[in-house]
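Please keep the sequence and the coordinates open while reading.

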Amino acid sequence: MEFLSNVHMNSPIQLIYVLALLLASVNNEVYGDELNSPQPASAAAARILDADTNHIVSPEELKDLRSEDYPALRAAFRERPLRQKKELAWAIAQVGGDNALEVLREPLELNAVEDPLGSSEIYNLTQIIAAIGYLGQRSAAARQYLHSRISPESWGHVKSWPLKIQFPSLDMSLTEQTLGALAISRYPEIKTELNKFIVREGHRIPYLATGVLKCVFYDWYIQKYGMENFIRAKLNSEELVHRLFEFYETDEGRQWDAWRREKLGLPPPPRVD
């Protein structure tokens, strides 16, 4: 305010001009980041950006997004904590291209994290990986990235991440999620690739058998019900579990479930006469 004493305002227009400069300065201090942040271009993006953590994005909302929404979605994804990234990840995968991969992989490749991860943060990590699978339907770079991550060694850096819950093995879990994401990406010759994985990781299959089953199940689901219904189910765990039991009733599902149980040392399922 000191500079006002040095300004000689000889007309109301000068006074208005100076007051406008003052107001702009105050707004920039208080709302600077918000004013400078990219704004959503569609109502769907605005809803996703304004939604609380309990919001479940729908395939319809994803379809209503526009490519112009990408800067606002990217900025929010980078700014918000891990527990709030899953909806944004699917939205970015919907409107972005190869550039979206660079954004989505950022939280997956941190050498260290400051705050211990809980169940919400781990769940968001798995959804980001699934979103990369969705992106992979039209991005060869995303498919190649997922393929490079289907080994526990590629997730070795997460072993040092602090956890606030008891979790068996985060690197193995993210490997399993990546197998499922490969199926979402409609990776060519997914069954052939899966057989190679089983042979290569034979000594660790007891830790990864659930991921193998998940990959086969996702592939079956998408072929039977389509990608739109799969996305709806992927973001609603109850629906996904319901369809998993349906998969178990098919010949393919019974064979893979028996294989998984054998690898895990579990008894066969009870016979239903």
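Helix axes here are lines fitted to C-alpha atoms, for helices over the stretch in contact, and angles between them run from 0 to 180 degrees between N-to-C directions. The model is a predicted one, in which local features need pLDDT of at least 70, side-chain atom pairs count only at pLDDT 80 or more, and totals for chains, interfaces and linings use all residues. Residues are numbered from 1 along each chain as its sequence is written, and side-chain values use heavy atoms, with hydrogens and water left out.

The protein has 14 helices and zero strands. Of the 273 residues, 46% count as buried; buried means under 20% relative accessible area, exposed over 50%, and partly exposed in between, with a 1.4 Å probe and protein chains only. Among contacts (heavy atoms within 4.5 Å) between residues at least 6 apart in sequence, 68% join residues at least 24 apart.

Consider the packing of helix α11 on helix α13 (residues 237-248). Their axes are 10 Å apart and the angle is about 95 degrees. The two helices are therefore roughly perpendicular to each other, since angles of 65 to 115 degrees carry that label, while under 35 counts as roughly parallel, over 145 as roughly antiparallel and the rest as oblique. On the α11 side the contact includes L213, V216 and F217, and on the α13 side it includes E239, L240 and R243. The residues of this contact divide into 11 nonpolar, no polar and four charged. In this count Ala, Val, Leu, Ile, Met, Phe, Trp, Tyr, Cys and Pro are nonpolar, Asp, Glu, Lys and Arg are charged, and the others, Gly among them, are polar.

A second pair is helix α7 (residues 119-135) and helix α9 (residues 170-184), whose axes come within 8 Å and cross at roughly 30 degrees. That angle makes α7 roughly parallel to α9. Among the residues in contact are I122, L125 and A130 of α7 and L170, L174 and A181 of α9. This contact divides into nine nonpolar, four polar and no charged residues.

Which residues touch the most other members of the largest nonpolar core? They are W90, L104 and V212, in a core of 78 residues. Its largest share, 12 residues, comes from helix α11 (residues 205-225). Such a core is a set of buried Ala, Val, Leu, Ile, Met, Phe, Trp, Tyr and Cys residues joined through side-chain atoms within 4.5 Å. Leaving aside neighbours within four places in sequence, W90 contacts residues including V57, A130, Y134 and L235.

R204, in the loop between α10 (190-200) and α11, counts as buried because its relative accessibility is 14%. Not counting residues up to four places away in sequence, R204 touches P152, E153 and M172. N111 lies in the loop between α6 (98-104) and α7 and is exposed, with a relative accessible area of 66%. With residues up to four places away again not counted, N111 touches H157, S160 and W161.

The loop between α9 and α10 contains R186 and E189. R186 has a positive phi, near 60 degrees, in a residue other than glycine, and E189, also not a glycine, has a positive phi of about 55 degrees. R186 is partly exposed at 31% relative accessibility, whereas E189 is exposed at 60%.

Definitions and conventions: Helix = DSSP H or I, 4+ residues; strand = E, 2+ residues; numbered from the N terminus.
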